[in-house]
Amino acid sequence: MTDNSEPLVSLIIPSWNNRALLIECLISIFKSGSRLKTEIIVVDDASSDGTAEYIRNNFKEVKLIKNSLNEGFARSVNKGVEASNGEMIFLLNNDVIFIEDPIEKLAECLKRNKDAGAAAPLLYYPDGRFQISCRRFPTPAALILEKLRINKLGHFKRWKLIEEEHLKGGYVPQPMASAILIKRECWDAVGPFDERFPIFYNDVDWCYRVYKNTDYKIYLCTDVRMIHHAGATVETLKFRKKWEFYKGLINFYLKHFPFKTEM
């Protein structure tokens, strides 16, 4: 998948424990047989399960960055991007599995839509169920409608896009960063992940800055499917998960509130 020339696509995979899922992810990438030139960068965030040693010994094609301390998802992403050379950056969670070759199709989506700065696939659970992966930005009104299970009330719409909205494709406000292909020039224009959001809301903040600060859009490509073991890593946080989630939400409001538009 790689050669000595400049890679076209840099795959950035932050990883904290869950070695088995990371191995499954990497095997699926190699089996996909992408025709585009790629480099794979795994950023191990001080895992305690021997992840770094296993990758170093068994995946010679993978560039490994090993953090000596746990620095959080956002910093790991930024480190991976800083070390990459691709014209496009493919952010991947370590619990994502390729179906066929999503890279070429997502790259074609970026090429086809001239205003596209990033493109994301449809995500499915391992059992085949459809996964809600795209959201609007979390205005207070959107979160209230979400809790009330109301899709739309006047000008306001609920936070998570429903399945029918996903299947329409086109540009969307905020897909999860579990799998998203980004043009290098878009990443440079928006800037890196804000490391004040170490676990949650770093992708929300980044997508919000795409629409706030640039003319790029983020597209959902309905002809691309991937499997996502949602929450495999964050579930290990146990009681910290909810605390980190709401801390991220509060920090997002403090940084960006008030919101001026609805999507």
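Trainee: Which residue is the bridge partner of Val43 in E3?

Mentor: In this predicted model, strand E2 covers residues 38–44 and strand E3 covers residues 63–66, and the two pair in the parallel sense over four bridges. Within E3, the residue that partners Val43 is Ile65.

Trainee: Is H1 roughly parallel or roughly antiparallel to H2?

Mentor: The axes of helix H1, which spans residues 19–32, and of H2 come within 10 Å of each other and cross at roughly 30°. Because angles under 35 degrees count as roughly parallel, the relation of H1 to H2 is roughly parallel.

Trainee: How many residues of the contact of H1 with H2 are nonpolar?

Mentor: From H1, the residues Arg19, Leu22, Ile23 and Leu26 meet Thr51, Tyr54 and Ile55 of H2. Of the residues in this contact, one is charged and one is polar, while the number that are nonpolar is five.

Methods:
Residues numbered from 1 in each chain as written. Predicted model: local features only at pLDDT ≥ 70, side-chain atom pairs only at ≥ 80, totals over all residues. Heavy atoms only, no water. Pairing = 2+ DSSP bridges. Axes fitted to C-alpha atoms, helices over the stretch in contact; angles between N-to-C directions. Parallel < 35°, antiparallel > 145°, perpendicular 65-115°, else oblique. Contact = heavy atoms within 4.5 Å. Nonpolar A, V, L, I, M, F, W, Y, C, P; charged D, E, K, R; others polar.
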